[in-house]
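These are my notebook entries on a single protein chain.

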Amino acid sequence: GGAIYVVGNLTVCNSSFVNNSAGETNCGGAIYVVGNLTVCNSSFVDNMMVSNMDNPIGGSAIYVVGNLNVCDCSFVGNSVGWYSCGGAIYVVGNLTVSNSNFMNNSLRTIDNLTAGIIYSSCVLTVNNCSFVDNEVIGYAGRNAVICASGVLTVNNCSFVDNEVIGY
């Protein structure tokens, strides 16, 4: 992670992560956790993750191998380059996102990857969130603003002017 790397559990509250980045051999532009992570009342602005064919993962703001709980957060202008799967958040585990806003985040992926602004490999639950002007560019058919490889539940969310461009 560009700002925080932890092997173990982590709780982050009332924090800002601005202009952090992770290079081609790292994950999580702002936070990388191997363990469980809880993030509340925090903002992630203009964080970036660059990936390559040998490391096709993402998480411009957050990358977690474990479970992640996000509440009352904002994700604005975060971006991930080619060969990526999670534009703002990438979780290998369960993910719950509540009362959070995602605006102007972008993801560009090539190859046949399942990709989204938020991605979970297991159970993904999204409650009371807004998704505005986010962009996903990649192969058609496997991309969306929210992607899960397991069970997906979306409650009381708004989606405005998001765009998926397939090629």
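**Entry 1: contacts and overall make-up**

Among contacts between residues at least 6 apart in sequence, what percentage join residues at least 24 apart? I found the figure for the chain to be 80%. I note here that the model is predicted.

I next looked up the secondary structure and recorded 24 strands and 0 helices. The chain has 167 residues, and I found 50% of them to be buried. For the accessible surface I noted a total of about 6,700 Å². Carbon and sulfur atoms account for 49% of that surface.

**Entry 2: the disulfide**

I then searched the whole structure for disulfides and found 1. Its partners are Cys13 and Cys40, with 2.3 Å between their sulfur atoms. I located Cys13 in strand 2, residues 10–13, and Cys40 in strand 6, residues 37–40. The pair therefore ties together parts that lie 27 residues apart in sequence.

I also looked up the handedness of this disulfide.

Are the two partners buried or exposed? I recorded a relative accessible area of 34% for Cys13, which makes Cys13 partly exposed. Cys40, at 13% relative accessibility, counts as buried, because the cut-off for buried is under 20%.

**Entry 3: other cysteines**

I turned to Cys129 and asked which cysteine sulfur is closest to its own. The closest belongs to Cys157, at 4.8 Å. Cys129 is buried, with a relative accessible area of 3%. For Cys122 I noted a relative accessible area of 32%, and I listed Cys122 as partly exposed.

**Entry 4: nonpolar cores**

Lastly, I looked up the nonpolar cores. The largest has 36 residues. Which residues have the most contacts inside this core? I listed Ile31, Leu37, Ile62, Leu68, Phe75 and Ile89. I then checked which element supplies the largest share of this core, and found strand 13, residues 86–92, with 3 residues.

I also recorded a second, separate core of 5 residues. Its members include Tyr32, Tyr63, Tyr90 and Tyr119.

Notes. Residues numbered from 1 in each chain as written. Predicted model: local features only at pLDDT ≥ 70, side-chain atom pairs only at ≥ 80, totals over all residues. Heavy atoms only, no water. Helix = DSSP H or I, 4+ residues; strand = E, 2+ residues; numbered from the N terminus. Buried < 20%, exposed > 50% of the residue type's maximum accessible area, 1.4 Å probe, protein only. Contact = heavy atoms within 4.5 Å. Areas by Shrake-Rupley, 256 points an atom, 1.4 Å probe, with all protein chains shown as cover. Disulfide = S-S within 2.5 Å. Core = buried A, V, L, I, M, F, W, Y, C linked by side-chain atoms within 4.5 Å.
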